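Dear colleague,

Here is the structure I promised to pass on to you. Please open it beside this message and follow along as you read.

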Amino acid sequence: MNGRTTQGEAVGTGSTDKGDKVVLREAGEADLDIAAELFRGYLEFYEVEVEDPERPRAFLAERLAGGDSFILLAEVPGVGTVGFTQVYPMFSSLAMKPAWLLGDLYVAPAGRRTGAGRALLREVLRRAREAGVSGVQLETAYDNLVAQGLYEAEGFVREEFHMYFHDLAQAAPEGV
């Protein structure tokens, strides 16, 4: 499946006003540099400070080599590769079936309003249905209203569960 190309529909105007399609492909080892560049943009968007500039590429290479995730890239003709998404297979105990975590979805400023994000999201959902998973889970920042609008327009429903995270990189309290 590595390197497979699919067509996703472009929505909106911008660089695709001539009716061009967003071209999607699954990233392989040869795509690591462009995927890492987009991943760095994603990390900057979420204000994650990365001390080692090579770590984003190494992280993606580790995920691909270990089969921990798959990465899709979106290319807009005339603009270039403008977006990526990374999906992690997991399991849903409540559904007692496989599920997917859409861990990352990012479109660089040059690719926004071209339909690249929507095409990536739809391709993840298409593949999830094809794979027979119980559902696709994602999270985004409270103030990322553009992404929230896209997710809800594509059928994602805001859950009423509270999410908790214990950051093990932080110093543990005394006695723990």
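Of the 176 residues of the chain, 38% are buried, where buried means under 20% relative accessible area with a 1.4 Å probe and protein chains only. This is a predicted model, in which local features need pLDDT of at least 70 and side-chain atom pairs count only at pLDDT 80 or more, while totals for chains, interfaces and linings use all residues. Residues are numbered from 1 along each chain as its sequence is written, and side-chain values use heavy atoms, with hydrogens and water left out.

The accessible surface of the chain is about 11200 Å², and 53% of that belongs to carbon and sulfur atoms, as computed by the Shrake-Rupley method with a 1.4 Å probe.

The chain has 4 helices and 6 strands, which are DSSP runs numbered from the N terminus (helices H or I, at least four residues; strands E, at least two). From the N terminus on, their order is β-β-α-α-β-β-β-α-β-α.

Helix H3 (residues 116–131) and helix H4 (residues 145–153) have axes that come within 11 Å and cross at roughly 45 degrees, the axes being lines fitted to C-alpha atoms over the stretch in contact, with angles from 0 to 180 degrees between N-to-C directions. That angle makes H3 oblique to H4, because angles under 35 degrees count as roughly parallel, over 145 as roughly antiparallel, 65 to 115 as roughly perpendicular and the rest as oblique. Gly117, Arg118 and Leu121 in H3 meet Leu150, Tyr151 and Ala153 in H4, contact meaning heavy atoms within 4.5 Å.

Best wishes

Methods:
Buried means under 20% relative accessible area, exposed over 50%, partly exposed in between (1.4 Å probe, protein chains only).
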